[in-house]
Amino acid sequence: EDFDATNKLKNSLFWVALAVPFQFLSLAGNGILLGLNKFGWGKGVSTLFSIFNFCVISFCTLYSQPFFMIFKLFFFGAILRALVCCSAGLFFVARKHIIDRDLIFELNSLVRVGGVLFISRIVGFVFNYTDKIIISTFLGSSALGVYEIVRRLSGPAQIINTVLMSAILPEITRKLESKTDITQLLHTLTKLAMLLVTMAVAFSYSFADKFIVAWLGEDVTGGIESLLYIPLLWTVMNVLPSLYNNIAIPIGKLNSTLVYGVLGAFLNVVFSLILVQKMGIKGVLIGTFIAHFVIFFCYLNLAKSLGLISLSSIFNMYLKVLMFLLSSLIMVWIVTEL
């Protein structure tokens, strides 16, 4: 209903859309660099353009530029980054590798795997953004703002989980290729991830209101304890699915993880639509929790079928984590009350 705001958004979306193809080219070039073990180049380019984006935002805000100017400059940055990544990747390929039929066959295999991964990312996008569409449709923009705050406060715990899994993936892949037993590695990684994620969950839950006041200047949610615990619980529950989703390619279960994602996205839409009309934001969060719960049991079945980690070990880990979480929250409550 606000013509000026809509026009600003439209102009910004135009430049964002133009940048998307060049972002894909950047990913391809960066993938070549990582595949050739040029990690320094790959990470260096990423860091350089992250700094560029920060400078763009700073410049546009300090000098009161039109809102769409940020994304216009991002577009030119995307072009430059694509040129740098692809040029560097092709340069190193030309120096060290001869293109032959075997390499072309491997590239075709990678394209097929990449197609499944692309669909998986689309499913993940639908899974994550469906809630926002449902809330804005049934409850309005003010409720969407509260939902965004709740999800962002649970973000740090999820980031810790993602970083840990991404860091260990190359080592797991190497061991699987060399036929090395990775049972102990999976046990250790799962315990470490659960411990760190649980600590982050306890911290986020205990100091959520203080974070909001520091972030927004006031607690605009009126206390979010009745909402925040739901995404924090599914964050802890997601440690096991995240692990097996990250190693889906080397264990040959990529298609299975895609099926689990589609099932979870479908259940999320169904339960969120049913519960949002009865429970508001909490209903949407519960609907998403149900979807994550079903996915969790799908990955439990996957873990059992592979025999890499026993179900009793998994349940013992989760039981210990929940006990640790409860004791941490009780200790924080006692300290704050004193």
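Q: Where is F24 found, and what makes F24 count as partly exposed?
A: F24 is found in helix 1, helices being DSSP runs of H or I with at least four residues, numbered from the N terminus. Its relative accessible area is 46%. Buried means under 20%, exposed over 50%, and partly exposed in between, with a 1.4 Å probe and protein chains only; F24 is therefore partly exposed. The model is predicted, so local features need pLDDT of at least 70 and side-chain atom pairs pLDDT 80 or more, while totals for chains, interfaces and linings use all residues. Residues are numbered from 1 along each chain as its sequence is written, and side-chain values use heavy atoms, without hydrogens and water.

Q: Which residues make the nonpolar surface patch, and which helices supply at least two residues each?
A: The patch is made by V16, V20, F24, L27, F118, I119, I122, F125, V126 and Y129, with an area of about 910 Å². Patch residues have over 30% relative accessible area and no salt bridge, and nonpolar side chains (Val, Leu, Ile, Met, Phe, Trp, Tyr) are joined within 5 Å. Helix 1 (3-35) and helix 4 (101-138) each supply at least two of its residues. The largest share, 6 residues, comes from helix 4.

Q: Why is the pair of K132 and E148 called a salt bridge?
A: The closest N and O atoms of K132 and E148 are 3.1 Å apart. A salt bridge needs a side-chain nitrogen of Lys or Arg within 4 Å of a carboxyl oxygen of Asp or Glu, so the pair qualifies. K132 lies in helix 4 and E148 in helix 5 (residues 141-153), so the pair ties together parts 16 residues apart in sequence. K132 is partly exposed at 21% relative accessible area, and E148 is partly exposed at 24%. By this rule the count comes to 1 salt bridge.

Q: Why is S12 called buried, and which residues does S12 touch?
A: S12, which lies in helix 1, has 3% relative accessibility and therefore counts as buried. Not counting residues up to four places away in sequence, S12 touches F67, F68 and F71; contact means heavy atoms within 4.5 Å.

Q: What makes T257 count as buried?
A: The relative accessibility of T257 is 6%, so T257 counts as buried. T257 is found in helix 11 (residues 254-279). Leaving out residues up to four places away in sequence, T257 touches Y244, N245, A248 and Y299.

Q: How many residues does the largest nonpolar core have, and which have the most contacts inside it?
A: The largest nonpolar core has 65 residues, and L186, Y244, I281, L285 and Y318 have the most contacts inside it. Such a core is a set of buried Ala, Val, Leu, Ile, Met, Phe, Trp, Tyr and Cys residues joined through side-chain atoms within 4.5 Å. Helix 12 (residues 281-306) gives the largest share of this core, 11 residues. Leaving aside neighbours within four places in sequence, L186 is in contact with I172, L243, Y244, I247 and L308.

Note on methods:
Patches are made of residues with over 30% relative accessible area and no salt bridge: like charges are joined within 9 Å, nonpolar side chains (Val, Leu, Ile, Met, Phe, Trp, Tyr) within 5 Å. Accessible areas come from the Shrake-Rupley method with a 1.4 Å probe; for residues, only the protein chains shown count as cover.
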